[in-house]
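Take a look at the model below. We will walk through it one stop at a time.

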Amino acid sequence: MPRRLAEGQTRLIEQFDHDAVFAFPHIVQDTIPWGTGLNFHEDGPPTVDRMVIQKFEDIPRLAVPDATAQPYLRCTLDAATALARQFKGDRIVVGAVIGPFSLPGLLMGTRKYVQMLLDPELRQRYHATLMEKTLAYTVSWAKAQFAAGCDLVVVAEGLASATILQEKTFVALAKPVIMKFCERVGGPVGLEMVGDA
């Protein structure tokens with residue numbers, strides 16, 4: 001759990017005197033409230049341990065969780081509050097979320113998600129519903145980080161990057177979702193494409 005996150009960021013400031021503190025341990029944590037667990041690795045970032053969406057028919061029944069009710073994510077908010085208390089006004093306090101367009105890749109698997117995006121029938125049946133659910137979650141989670149003291153929330157949209165999608169697909173499917181996220185959050189957002197932009 002990210003209990004020592006604020007302490008670690010403070011020590012990094014003492015050593016390197018950089019411009020920002022980071023109030024999140026990793027963004028894979030965003031999947032926990034949906035029902036995943038995490039596998040931790042000594043030589044890399046954590047990964048999800050299971051897919052929540054096993055079949056496309058699960059999407060309409062998928063409940064949007066409250067990120068702030070999850071203990072692991074509460075620790076992240078506590079770290080943001082501690083960092084804001086210590087550094088606000090002197091350093092940028094940065095939060096992060098997995099973007100609403102990319103989150104399904106960690107809930108159902110990238111292959112299944114891309115299959116849905118590229119199949120007109122599946123896309124017609126499920127994409128809008130899935131995006132409304134992931135938008136509701138990511139907006140709420142970003143707002144919670146602002147409330148905890150973050151100055152900026154980075155939204156990671158790796159599956160919207162040019163590494164994964166052609167431009168016409170990005171414009172038609174990803175960009176409208178990203179724009180809605182930015183409009184609804186009501187605070188400064190940094191877009192991280194992860195792959196090529």
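Start at S161. This serine sits in a loop, the one between β5 (152-156) and α6 (167-185). Keep in mind that the whole model is predicted.

Is S161 buried or exposed? Its relative accessible area is 1%. Buried means under 20%, so S161 counts as buried. Which residues does S161 touch, leaving aside those up to four places away in sequence? They are M193, G195 and D196.

Now turn to the largest pocket. It holds about 230 Å³ of space. Its lining includes I27, V28, P46 and I98. S102, G105, L106 and T110 also line this pocket. So do A156, G158, L159 and V194. What kinds of residues are these? The lining divides into 8 nonpolar and 4 polar residues, with no charged ones.

Next, the cysteines. A disulfide is a covalent bond between the sulfur atoms of two cysteines. How many disulfides does a search of the whole structure find? The count is 0. C75 shows the spacing: the nearest cysteine sulfur belongs to C150 and is 15 Å away. A disulfide needs the two sulfur atoms within 2.5 Å, so C75 is in no disulfide. C182 is in no disulfide either. For C182, the nearest cysteine sulfur is again that of C150, at 16 Å.

C75 and C182 can also be described by their accessible area. C75 is buried, because its relative accessible area is 15% and the cut-off for buried is under 20%. C182 has a relative accessible area of 33%, so C182 is partly exposed.

Note on methods: Residues numbered from 1 in each chain as written. Predicted model: local features only at pLDDT ≥ 70, side-chain atom pairs only at ≥ 80, totals over all residues. Heavy atoms only, no water. 1 Å grid on protein atoms, 1.4 Å probe; cavity = no way out; pocket = protein on both sides within 12 Å on 5 of 7 lines; lining within 4 Å. Points joined across faces, edges and corners; volume = space filled by probe spheres on them. Nonpolar A, V, L, I, M, F, W, Y, C, P; charged D, E, K, R; others polar. Helix = DSSP H or I, 4+ residues; strand = E, 2+ residues; numbered from the N terminus. Buried < 20%, exposed > 50% of the residue type's maximum accessible area, 1.4 Å probe, protein only. Contact = heavy atoms within 4.5 Å.
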